[in-house]
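Welcome, and please take a moment to look over the structure below. A short tour follows, grouped by topic.

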Amino acid sequence: MGGKNKKDDDKKPGKTMSRNERANEKIGDKGVSAMEVRHILVEKLREAQRIPTVLDEGKMPFNEAARTWSIDKAGKSGLLGWRARNELDPMFWDAAVEQDIGEYSKEPVKTVWGYHIILVQAKK
């Protein structure tokens with residue numbers, strides 16, 4: 001009646017996830033627990049929309065485009081390295097997890113920092 005049930009325990013902050021819960025969470029991310037990614041971050045949508053065209057035409061490689069246009073100078077040539085879900089903006093993660101390895105986003109991804117063109121280099 002007014003007793004505590006297992007569902008109440010599942011909602012407590014800091015609860016350790018079971019092996020099955022962790023597996024189910026990964027399935028929602030297509031089995032991906034981390035990705036090695038590069039990005040090009042710009043402030044304006046119009047600028048972000050032009051970058052995939054430049055990349056498609058082979059005018060410059062992704063790392064050079066990142067050095068040229070990205071306002072994120074923390075990572076050399078756009079490299080963010082290996083990142084887990086909790087290390088990336090949810091919009092960034094969701095877009096990247098849908099991409100194939102070696103593929104960059106054809107549409108800009110909006111986050112609180114601006115617009116990203118994302119290149120997925122590896123997944124695990």
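Lining the second largest pocket are H39, L41, D72, L80, E87, L88, D89, F92, T111, W113 and H116. This is a predicted model, in which local features need pLDDT of at least 70 and side-chain atom pairs count only at pLDDT 80 or more, while totals for chains, interfaces and linings use all residues. Residues are numbered from 1 along each chain as its sequence is written, and side-chain values use heavy atoms, leaving out hydrogens and water.

**The pocket**

- A pocket here is an open set of points on a 1 Å grid over the protein atoms alone, where a 1.4 Å probe fits, with protein on both sides within 12 Å along at least five of seven lines; lining residues have an atom within 4 Å of a point.
- The volume of the second largest pocket is about 160 Å³, counted as the space filled by probe spheres set on the points, which are joined across faces, edges and corners.
- Its lining has five nonpolar, three polar and three charged residues; Ala, Val, Leu, Ile, Met, Phe, Trp, Tyr, Cys and Pro count as nonpolar, Asp, Glu, Lys and Arg as charged, and the others, Gly among them, as polar.

**The chain as a whole**

- The chain has five helices and four strands, in the order α-α-β-α-α-β-α-β-β from the N terminus.
- Helices (H or I, at least four residues) and strands (E, at least two) are DSSP runs, numbered from the N terminus.
- Of the 124 residues, 37% are buried, where buried means under 20% relative accessible area, exposed over 50%, and partly exposed in between (1.4 Å probe, protein chains only).
- Among contacts (heavy atoms within 4.5 Å) between residues at least 6 apart in sequence, 62% join residues at least 24 apart.

**Helix α3 and its end**

- In α3 (45-56), the buried residues are A48, I51, P52, V54 and L55.
- These cover an arc of only 160 degrees around the axis, so they sit on the same side of α3; the arc is that of the directions from the helix axis to the C-beta atoms.
- R46 and R50 are exposed on the other side of α3, while the cover over its buried residues includes β1, α4 and β4.
- D56 belongs to α3 and is partly exposed, with a relative accessible area of 48%.
- Leaving aside residues up to four places away in sequence, D56 touches Y104 and K106.
- After α3 comes G58, with a positive phi near 70 degrees.

- F62, A65 and A66 are the buried residues of α4 (residues 62-69).
- Their arc is only 100 degrees around the axis, which puts them on the same side of α4.
- They pack against β1 (34-42), α3 and β4 (114-123).
- In α5 (residues 90-98), F92, W93, A96 and V97 are buried.
- Because their arc is only 120 degrees around the axis, they lie on the same side of α5.
- P90, M91 and E98 are exposed on the other side of α5, and the buried residues of α5 pack against β1, β2 (79-84), β3 (109-111) and β4.

**A loop residue**

- V32 is in the loop between α2 (19-28) and β1, and is buried with a relative accessible area of 7%.
- V32 and K123 are 91 residues apart in sequence, yet 6.3 Å apart in space, C-alpha to C-alpha.
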